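Visitor: Could you walk me through this one? I'd like to start with pockets.

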Amino acid sequence: MFYEPANGHGLPHDPFKAIVAPRPIGWISTKSVDGRVNLAPYSFFNAFSGNPPLIWFSSEGAKDSSSFAEESGEFVANLVSRDLAEAMNRSSVNAPRGINEFDYAGLTMAPSRLVQAPRVAEAHAALECKVTEIFRPKTLDGTQSQAHVVIGQVIGVHIEDAYLTDGLFDIVKAGSTARLGYMDYASVTETFSMRRPRWEEDRG
């Protein structure tokens, strides 16, 4: 089949998010300037630079995560692992503004080292970030979309030692969890390796 999103897809559910999958989950913790704490998962999230390490998340509308990040200039991205998937889902509740989702999801706030926003103590890894840019992408007709894109530079990395195997972060042991389409998720249960080809070697 082929369809143009502007004209609808004719299917029971929009397949777009299922096609662009799996997507890592940005479990974003923030703290407002007046001390309110927020925790929420974002499936529009990823890294796009290694040096310096830059990550981004996108909020559809000005939600607490993007608002608090803009106010404070900081956020933490906490790793979602299989054992924390249910708590992550619980933290996505549409609670009133300012409700502490850590408490609602039964999670523990741990102090960060370099930012004021707390991290999820139970998370096997977390990235402390300083905001470098926030913007709203434009659509084809030049109008601003509802997406609030928050970019942060990673300034501190937490890793639980039990999830390091031979010096590598063990994503299988952690069961790192990703968002798929619809109501579906996936966790990493196996990996495989491939060597990147080198032109000179492959040509003999």
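Guide: Strand S3 gives the largest share of the lining of the largest pocket, namely five residues; helices (H or I, at least four residues) and strands (E, at least two) are DSSP runs, numbered from the N terminus. This is a predicted model, where local features need pLDDT of at least 70, side-chain atom pairs need 80 or more, and totals for chains, interfaces and linings use all residues. Residues are numbered from 1 along each chain as written, and side-chain values use heavy atoms, without hydrogens or water.

Visitor: What volume does the largest pocket have?

Guide: The volume is about 660 Å³. Among its 31 lining residues, Ala 40, Pro 41, Tyr 42, Lys 63 and Ser 92 are the closest to the centre. Two or more lining residues come from each of strand S3 (37–42), strand S5 (53–60), helix H2 (64–72) and helix H3 (85–90). A pocket here is an open set of points on a 1 Å grid over the protein atoms alone, where a 1.4 Å probe fits, with protein on both sides within 12 Å along at least five of seven lines, and lining residues have an atom within 4 Å of a point.

Visitor: Switching to S6, why is it largely enclosed?

Guide: Strand S6 (residues 74–78) is largely enclosed by the rest of the structure because five of its five residues are buried, meaning under 20% relative accessible area with a 1.4 Å probe, protein chains only. Glu 74, Val 76 and Asn 78 point one way, whereas Phe 75 and Ala 77 point the other.

Visitor: And which strands does S6 bridge to?

Guide: Strand S2 (residues 26–31) is joined antiparallel to S6 by three bridges, with Ser 29 partnering Val 76. Five bridges join S6, again antiparallel, to strand S9 (residues 125–135), where Leu 127 stands opposite Ala 77.

Definitions and conventions: Buried < 20%, exposed > 50% of the residue type's maximum accessible area, 1.4 Å probe, protein only. Pairing = 2+ DSSP bridges. Points joined across faces, edges and corners; volume = space filled by probe spheres on them.
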